[in-house]
Amino acid sequence: MAAPPNFEEGQSTYRPPRFNGQYYGWWKTRMHDFIMVEDSELWDVICDGPFVSMKTIGEPAVTVPKCRKEYSDTDRKSIEKNFRAKKILVFGIGLDKYNRISVCQYAKEILEALQTAH
């Protein structure tokens, strides 16, 4: 496969690959690798959706999401992963694509919106 026209020699290993609206498959592969190096659990969050901290209440037992003030340190660290993944994805797209994903709350929604569009 020929390199996309905006390919630049020596791209940064500190910044996520930039998606310009073309070559989505190529960008997704590079983004996957970039994210896996940062934290492999981030890619799980993107593919499977964010962690939701739950608790059991009542009789019969019903499982409901915890309130923010009920989060443990472990819950907070797990929830933070969605925001880290979301940040990397947002930094990897241009302003023209940002409007398409600006309403997305979760990293999984961002990737799905881009995949549907491209």
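In the predicted model, Tyr 23 is partly exposed, with a relative accessible area of 37%. Tyr 23 belongs to the segment that precedes helix α1. The backbone of Tyr 23 has a phi near 60°, a positive value in a residue other than glycine.

The model contains 3 aromatic pairs. Tyr 24 and Trp 27 are separated by about one helical turn, because they are 3 residues apart in helix α1. In general, an α-helix has 3.6 residues a turn, so residues three or four places apart point the same way. Tyr 24 is buried, with a relative accessible area of 10%. Together, Phe 19, Tyr 24 and Trp 27 make up one aromatic cluster. Another arrangement involving a ring concerns Trp 26, over the face of which Arg 30 lies, at 4.4 Å from the ring centre.

The surroundings of Leu 89 illustrate the packing: with neighbours within four places in sequence left aside, Leu 89 is in contact with Trp 27, Met 31, Ile 35, Ile 46, Ala 107, Ile 110 and Leu 111.

Helix α2 spans residues 40–48, and its buried residues are Leu 42, Trp 43, Val 45 and Ile 46. These residues cover an arc of only 155° around the axis, which puts them on the same side of α2. They pack against α1 (24–38), α3 (73–91) and α5 (107–117). At the N-terminal end, α2 is capped by Asp 39, a side-chain oxygen of which lies 3.0 Å from the backbone nitrogen of Glu 41. After α2 comes Gly 49, which has a positive phi, near 100°.

Helix α5 has buried residues at Ala 107, Ile 110, Leu 111 and Leu 114. Seen down the axis of α5, the buried residues fall within an arc of 90°, so they line one face of the helix. The cover over these residues includes α1, α2, α3 and α4 (95–101). Ala 107, which lies in α5, is buried with a relative accessible area of 0%. Apart from neighbours within four places in sequence, the contacts of Ala 107 are Ile 46, Asn 82, Ala 85, Lys 86 and Leu 89. The C-alpha atom of Ala 107 is separated by 13 Å from that of Ile 93, the two residues being 14 apart along the chain.

Ser 53 is located in the loop between α2 and β1 (54–57). With a relative accessibility of 4%, Ser 53 counts as buried. The side chains of Ser 53 and Asp 75 are joined by a polar contact of 2.9 Å. When residues up to four places away in sequence are not counted, Ser 53 touches Val 64, Pro 65, Lys 66, Tyr 71 and Asp 75. Pro 60 is found in the loop between β1 and β2 (62–65). The peptide bond from Glu 59 to Pro 60 is cis, with an omega near 5°.

Conventions
Residues are numbered from 1 along each chain as its sequence is written. This is a predicted model: local features need pLDDT of at least 70, side-chain atom pairs count only at pLDDT 80 or more; totals for chains, interfaces and linings use all residues. Side-chain values use heavy atoms; hydrogens and water are left out. Buried means under 20% relative accessible area, exposed over 50%, partly exposed in between (1.4 Å probe, protein chains only). Helices (H or I, at least four residues) and strands (E, at least two) are DSSP runs, numbered from the N terminus. The arc is that of the directions from the helix axis to the C-beta atoms. Contact means heavy atoms within 4.5 Å. A polar contact is a pair of N or O atoms within 3.5 Å; within protein, one must be able to donate a hydrogen and the other to accept it, and residues adjacent in sequence count only if both atoms are side-chain atoms. Rings of Phe, Tyr and Trp (its six-membered ring) pair if their centres lie within 6.5 Å; planes under 30 degrees apart count as stacked, over 60 as edge-to-face and the rest as tilted. A charge sits over a ring if NZ of Lys or CZ of Arg is within 6 Å of the ring centre and within 35 degrees of the ring normal.
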